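Please read this briefing alongside the sequence and the 3D view.

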Amino acid sequence: MTAVTYLEAISQAIREEMRRDESVFLLGEDVGTYGGAFKVSAGFLEEFGPERVIDTPMSETAIIGSAVGAALMGMRPIAEMQYIDFITCGFDQIVNMACKMYWRSGIPLPLVIRGPAGGGTHGGPFHSASPEAWFFHTPGIKVVMPATAYDAKGLLKAAIRDNNPVLYLEHKLLYRLPELREELPSEDYIVPLGKAIIRRHGRHMTMLTYGAMVHQCLKAAEQLATEDGLAVEVVDLRSLTPLDRETIKESVKRTNKVLIVHEDTLTGGVGAELAALLAEELFDYLDGPIMRVAAPDAPYPYAPPLEMAYLPGVERIVAVARQLAAY
Amino acid sequence: MSEAERADLLLQIYYYMRLTRAMEDRTRTLFLQGRIVGGVYTAQGHEATTVGAAMTLRDGDCIVPQHRDLGMHLVRGVSPRAVMCQWLARGNAPTLGRDGQLHIGDMHHGVVPMISMLGESLPVACGVALVMKMRRRSTVVLASCGDGATSTGAFHEALNFASVQRLPVVFLIENNGYAYSTPTAKQFAIEQLAQRALAYGMPGESVDGNDVLAVMEAVGRAVAHARSGQGPALVECRTFRVRGHSEADKADYVPPALRQEWLTRDPIKRFEEYLTAQGLLSAERRREIEARVRAVVDDAVAFAEASPPPDPATVADYVFAPDGPIAIVGEPGATDPRYVNALDTRTGRPFCTMSQVEEAVTQL
């Protein structure tokens with residue numbers, strides 16, 4: 001057994017589900033002959049043929065809309081956005097067509113929309129998006145963002161088998177990161193939607209995070225342990241919708257301090273909802289203000305010094321964590 | 001088709017046109033009486049287009065209708081009771097009071113629920129047709145939109161995608177002269193919307209949308225083209241919205257002479273004259289049909305009015321579908337209750353959009 005990358009884990013998940021279930025198919029721009037802009041579907045066309053690996057025109061509304069139509073028919077389409085930034089071109093199909101379908105008609109819509117999200121790759125304002133807050137705010141769609149190769153595979157399999165629209169955000173910075181390579185179980189497995197995982201245990205503070213920021217938080221936690229003697233707990237949310245409120249609350253009840261870290265911009269981000277949840281339900285348990293580290297309220301910049309200043313990193317996380325610890 | 005069969009078919013068409021008009025007239029009355037809340041959209045003048053187009057379909061075909069397509073719904077077997085429950089926002093309506101109007105569907109009977117963003121249903125129609133193609137079926141999708149929706153990106157993306165993929169879709173444009181208050185001259189700069197077909201490499205034709213037999217011929221040709229595996233086709237039905245965009249709209253932006261001209265071309269009156277001249281519609285037969293229409297409408301309204309409102313305690317329910325196996329619609333056994341999409345899992349009962357299956361019209 002060989003250790004696989006985060007990207008290979010995604011590829012394995014789709015391939016295995018397509019082998020397992022004839023109703024699963026993939027459609028998107030350049031997914032067939034070219035194997036996808038990031039080569040997630042390399043070799044798929046040869047194995048599954050052009051009716052299950054569909055190269056589409058440059059039409060996000062047609063891609064997502066067709067996926068909705070196919071899902072209405074009981075298929076399990078996977079609609080790829082070449083970069084998740086382009087999901088805006090198909091926004092209406094998601095928020096009005098897909099998200100309200102079961103609720104108003106009783107017809108389930110087993111549909112996955114996936115694509116490379118997140119920054120750190122010099123992609124600039126149109127190839128670095130973290131669009132989760134829009135969909136986190138929208139009832140009727142599940143939103144997941146894996147941080148490890150194991151989760152990338154298990155969450156995607158769970159998403160494909162789910163009977164609802166699922167937005168699966170894969171962080172492109174993690175795609176080929178050597179340190180994320182891991183050996184995956186040879187048997188079939190899923191990571192259930194709506195279950196967070198504690199990546200590091202600690203009693204002084206909880207960091208709530210997801211996606212690539214999990215790794216920044218783990219590095220920060222290590223530094224805080226070494227330099228400050230702080231035991232920081234890092235909770236990887238994995239799913240934003242459904243949100244694992246129990247794991248979040250259980251952790252914060254033990255640590256009494258919370259730092260929320262996300263790559264998306266601050267205002268109205270996922271962190272704002274987490275903060276509200278904790279303020280409402282765990283007020284008596286908190287020994288300090290709920291604090292947040294996030295991108296500034298500005299569009300994602302291109303130039304490397306700007307990008308460095310924009311993305312939350314270990315240094316900022318450590319600095320804010322120290323303020324909170326001292327409170 | 002024998003003479004008698006043809007006579008029956010023509011009278012059935014006439015019945016559906018009359019039923020469509022009567023349902024909408026009653027809907028308007030209920031709105032004016034304050035018994036229907038919100039927007040009411042009707043389609044007086046569209047009956048030849050909507051009924052005629054739907055009459056060309058068979059079992060297994062699918063419609064992707066819009067807000068003025070009650071005629072299409074009724075021909076394909078949608079229940080008048082369900083329609084009235086929708087208008088009256090009842091708890092047993094197909095949307096359980098979550099949505100109104102004709103925003104209803106049942107995939108097992110080939111009806112895709114629309115949304116208010118017109119044009120967005122067309123890419124969805126492509127997805128349904130894609131599955132028909134994948135499953136090697138000889139069925140087709142009939143997807144409609146108005147002149148206004150032809151200006152949306154979704155319209156153009158759908159036509160292009162359908163053509164590239166050679167999907168069995170018939171795009172039906174109901175050009176009724178106005179998108180709300182916007183006349184066609186401000187909507188597009190070509191002579192006929194059928195010309196849009198040329199740009200996407202599919203056949204297109206423009207037809208008198210107030211002549212039900214002409215509509216059936218034109219849409220029938222398009223359906224035959226799509227069914228034969230040659231890809232999509234487009235039909236523009238030229239008709240007119242003789243009332244406002246909604247019942248709240250007086251439509252005083254429409255020149256009175258123009259409206260009057262189209263009122264004289266009323267599709268039901270024209271078809272009646274044709275049937276009478278052919279000796280197919282006696283005064284007695286007409287009275288019978290009128291009585292049947294009235295009975296169906298009365299029953300639908302009475303049923304809806306006796307139906308309960310939705311329970312406010314359920315306001316946050318039904319956002320997500322439950323786990324379980326999903327059937328591919330149209331495959332043998334797809335309505336086995338073990339499938340999550342076989343029944344309406346919100347209620348645990350069958351979907352309530354359609355009348356009894358045997359009442360649905362199929363190709364005669």
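**A strand and its neighbours**

A:L208 has A:I260 of β11(A) as its bridge partner. This is a predicted model, in which local features need pLDDT of at least 70 and side-chain atom pairs count only at pLDDT 80 or more, while totals for chains, interfaces and linings use all residues. Residues are numbered from 1 along each chain as its sequence is written, and chains are lettered from A and ligands numbered from 1 in the order in which they are written. Helices (H or I, at least four residues) and strands (E, at least two) are DSSP runs, numbered from the N terminus.

**Strand β8(A)**

- β8(A) pairs with strand β11 (residues 258-265) of chain A in the parallel sense over three bridges; two strands pair if DSSP finds at least two bridges between them.
- With strand β9 (residues 232-236) of chain A, β8(A) also pairs in the parallel sense, over five bridges.
- A:T206 has A:E233 as its bridge partner in β9(A).
- Five of the five residues of β8(A) (residues 205-209) are buried, so the strand is largely enclosed by the rest of the structure.
- A residue is buried if 20 or more other C-beta atoms lie within 10 Å of its own, exposed if 12 or fewer, and partly exposed in between, with C-beta atoms placed from the backbone.
- A:M205, A:M207 and A:T209 point one way from β8(A), and A:T206 and A:L208 point the other way.

**Helix α8(A)**

- The 16 residues of α8(A) should span 22 Å at 1.5 Å a residue, and its end C-alpha atoms are 21 Å apart, which agrees; the expected span is 1.5 Å times one less than the number of residues.
- The buried residues of α8(A) include A:M213, A:C217, A:A220 and A:L224.
- These buried residues pack against β7 (197-200), β8, β9, β11 and α12 (314-326) of chain A; two residues are in contact if their C-beta atoms, placed from the backbone, lie within 7 Å.
- After α8(A) comes A:G229, whose phi is positive, near 70°.

**Chain A as a whole**

- Chain A has 12 helices and 12 strands.
- The radius of gyration of chain A is 19 Å, close to the 20 Å that the globule rule gives for 327 residues, so chain A is as compact as a globular protein of that length.
- That radius is taken over C-alpha atoms, and the globule rule is 2.2 Å times the number of residues to the power 0.38.
- Of the 327 residues of chain A, 57% count as buried.

**Contact with chain B**

- The contact takes 33 residues from chain A and 45 residues from chain B.
- On the chain A side, the largest share, nine residues, comes from α3(A).
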